[in-house]
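Me: I should like to learn how to read a helix and an aromatic pair in a structural model. Could we proceed feature by feature?

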Amino acid sequence: MSQEQLQLQGIVPPLVTPLSARDALDIEGLGRLLDHVISGGVSGVFILGTTGEAPSLSYRLRREMIAETLRIVAGRVPVLVGVTDTAFVESVELAHYAADCGADAAVLTTPYYFPAGQTELTAYVQNIAPLIPLPMMLYNMPGLTKVWFDIETLRTLSAIDSIVGVKDSSGDMNYFAELCKLKTQRPDWTFLLGPEALLAEAHALGGDGGVNGGANFAPQIFVDFHRGLVSGDDAVVSAAGRRIDALQAIYQVGKYASRHIKATKSALSLLGICSDLPADPFHRFLSPEREQVAEILRKVEIL
């Protein structure tokens, strides 16, 4: 798929990584998950991101996830692969592996642990971009990486042709509004928002769609919502919007920061799609939390 074709609009779920055991991919579950989201109408899939628990996975397992995803998807939708790492060369090597497997784009957030300054971050992207053999989407995730892609940094980086857009998961809509203004410089860029409850606001600001975790288990609801926004169908937006609002309660189940991943995998397990096992150091929900998730899914009529 050429760079010109990778102007995404719509819902691109940040796929969980189904696990059958420690460092073991649940391949059958992955197949069911991919068929589930693709039949739900998504515009692409994004693997090895935050919801995909990439930093917690071995390099071997990341490569298996890439190869199996590309094999199963078989060209039905674009596949975006997270290549972020604390080590420059590991990101480059993973991007080459993804390209060899047939991926459509690499997704790169800021290196983490030692926070980079904006000057360092600009040089990092300028240095790595020529070595990434795929169109590249930048990923702003300051809540976990502790580093923002400042708007001025992105303005500078817009000179790099291989960058095709930005995914923003900051939840700061003033930032997202400024981000969308960069379309005056790069009208070909795609801007996608992470927090699913803000999808309508993002659309109004000029966003192109969402990378929404809830689309793992309820893809059709998110796809309907976005299509309603694009077509101006208020009835569809209202109906799907109520269900998305109700689904937000699953992210309040549990008490640790990992509850977002646990809730998403728990929902998928309840639907019979894949295992709910998260990567270490996290544990799956116990029965009381799992029943809370089930009750929410029943409320929105997907269980």
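Predicted model: local features only at pLDDT ≥ 70, side-chain atom pairs only at ≥ 80, totals over all residues.

Me: What should helix 9 span at 1.5 Å a residue, and how far apart are its end C-alpha atoms?

Reply: The expected span is 1.5 Å times one less than the number of residues. Helix 9 covers residues 219-231, so its 13 residues should span 18 Å; the end C-alpha atoms are 18 Å apart, which agrees. Helix 9 is followed by Gly232, whose phi is positive, near 75°.

Me: Which residues of helix 9 are buried, and what covers them?

Reply: Buried means under 20% relative accessible area. In helix 9 the buried residues are Pro219, Ile221, Phe222, Val223, Phe225, His226, Gly228 and Leu229. Their cover includes strand 1 (10-11) and strand 10 (209-210), together with helix 1 (27-39), helix 8 (199-204) and helix 10 (234-247).

Me: How many aromatic pairs does a search of the whole structure find, and how is a pair of aromatic rings described?

Reply: A pair of aromatic rings is described by the distance of the centres and the angle of the planes. The search of the whole structure finds 5 aromatic pairs. One of them joins Phe88 and Tyr124: the ring centres are 5.8 Å apart and the planes stand at 85°, so this pair is edge-to-face. Because Phe88 lies in helix 3 (residues 88-101) and Tyr124 in helix 4 (residues 118-128), the pair ties together parts that are 36 residues apart in sequence.

Me: Is Tyr124 buried or exposed?

Reply: Tyr124 is buried, with a relative accessible area of 13%, whereas Phe88 is partly exposed at 29%.

Definitions and conventions:
Residues numbered from 1 in each chain as written. Heavy atoms only, no water. Helix = DSSP H or I, 4+ residues; strand = E, 2+ residues; numbered from the N terminus. Buried < 20%, exposed > 50% of the residue type's maximum accessible area, 1.4 Å probe, protein only. Contact = heavy atoms within 4.5 Å. Phe/Tyr/Trp six-rings, centres within 6.5 Å; stacked < 30°, edge-to-face > 60°.
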